[in-house]
Amino acid sequence: MLYYIKNTLEKAEDTNSGRQGAKYVAVLTSAEWAEYKDTFDMGIEMDIDLASVHSTKAEVNYDSLTGTFSVPNRRKISGPKTNFAFALDEKGIVFIDDSGMVEKILHNITRTKKWVLPSLERFIYDFLEQIVTGDQAMLEDFDKELDTIESRILEGSETDPSLRVSRIRSDLRDMRIHYEQLQDLAQELEENENNFFVKDNVRYFHLFNQRISRLHDITASLRDYSIQIRELYQSKLDVKQNRIMTILTVITSIFMPLTLIAGWYGMNFKYMPELGFRYAYPIVTAVSVLIVIISLIFFKKKKWL
């Protein structure tokens with residue numbers, strides 16, 4: 001599929017006409033690229049294996065710029081990524097894509113974008129923007145969910161958020177890596193080493209780089225927040241455990257004197273005077289009750305109960 005960059009993207013009826021006079025955008029499958037790559041006269045030998053693509057990057061060649069995209073699925077960030085490649089020079093850009101994602105992006109650009117000053121640089125900027133569209137709202141949803149989890153932990157109504165927080169942290173890590181790769185790509189485009197781009201239009205790549213930097217910073221901040229929530233939940237567990245240990249310690253301290261008395265009078269020596277004393281049992285009972293009362297008063301005063 002071939003498009004021309006005019007006031008909007010215009011689909012070409014003849015894929016071989018007019019390419020010399022207008023900036024173009026082409027979308028090919030891997031098989032089509034292998035068959036028609038020589039017609040684009042980019043002077044590159046790039047054998048595309050989209051299954052081996054694992055990152056978003058750009059490489060500067062002598063008379064072209066090539067690279068790959070590896071885009072996480074925003075609905076399931078930890079799942080398989082959408083991979084496609086590209087090659088560009090001063091005449092236009094070719095996408096090699098078997099997933100259909102590029103066609104969807106181009107359809108959105110055609111439907112929503114009208115350019116006063118159309119250019120290859122502006123198209124690439126809008127294309128990159130489409131990749132991260134909605135990411136701000138996605139990160140805000142993560143922020144709200146983490147805030148809700150934190151509130152429930154503080155209220156004591158949260159059961160165990162460890163699994164969900166761990167998944168969020170993993171998703172944020174993947175998105176942070178994705179943004180770092182997009183930053184590197186934008187910097188490579190902004191460098192304009194081969195002078196493919198009009199110097200005044202390189203600012204588009206700088207604007208995109210700034211936006212990605214903000215998204216990266218938000219992602220890093222949210223990941224730190226998720227770590228703090230995990231530590232908060234662990235501290236709450238530690239407080240509960242310390243409370244239980246305090247109660248057990250208090251109970252043990254109260255019954256230790258009673259255990260000593262029981263053990264002392266359980267020796268049954270023949271000449272223990274208390275064994276034959278008429279009021280020994282009630283006296284021992286009273287002393288035991290007094291010990292319990294004094295211990296409770298003492299622990300209350302120390303605020304251990």
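Predicted model: local features only at pLDDT ≥ 70, side-chain atom pairs only at ≥ 80, totals over all residues.
- Strands of a sheet pair through backbone hydrogen bonds, and they can do so in a parallel or an antiparallel way.
- In this model, 7 strands make up an open sheet with mixed pairing, and you can trace them in the order E2-E1-E3-E7-E6-E5-E4.
- At the edges you will find strand E2 (9-11) and strand E4 (57-60), each of which pairs on one side only.
- On average, neighbouring strands of this sheet are turned by 20° against each other, with direction ignored.

**Helices on the sheet**

- Helix H2 (residues 101-112) packs on the sheet, where it touches strand E1 (2-5), E2, strand E3 (24-28), strand E5 (65-71), E6 and E7.
- The direction of helix H2 makes about 145° with that of E3.
- Helix H3 (residues 120-132) lies across E1, E2, E3, E5, E6 and E7.
- Compared with E7, helix H3 runs at about 30°.

**A closer look at Ser 30**

- Where does Ser 30 lie? Ser 30 belongs to helix H1, which covers residues 30-36.
- Is Ser 30 buried or exposed? Its relative accessibility is 18%, and buried means under 20%, so Ser 30 counts as buried.
- The side chain of Ser 30 also has a partner: a polar contact of 2.8 Å joins it to the side chain of Asp 98.

Notes: Residues numbered from 1 in each chain as written. Heavy atoms only, no water. Pairing = 2+ DSSP bridges. Helix = DSSP H or I, 4+ residues; strand = E, 2+ residues; numbered from the N terminus. Axes fitted to C-alpha atoms, helices over the stretch in contact; angles between N-to-C directions. Contact = heavy atoms within 4.5 Å. Buried < 20%, exposed > 50% of the residue type's maximum accessible area, 1.4 Å probe, protein only. Polar contact = N/O pair within 3.5 Å; in protein donor to acceptor, adjacent residues only side chain to side chain.
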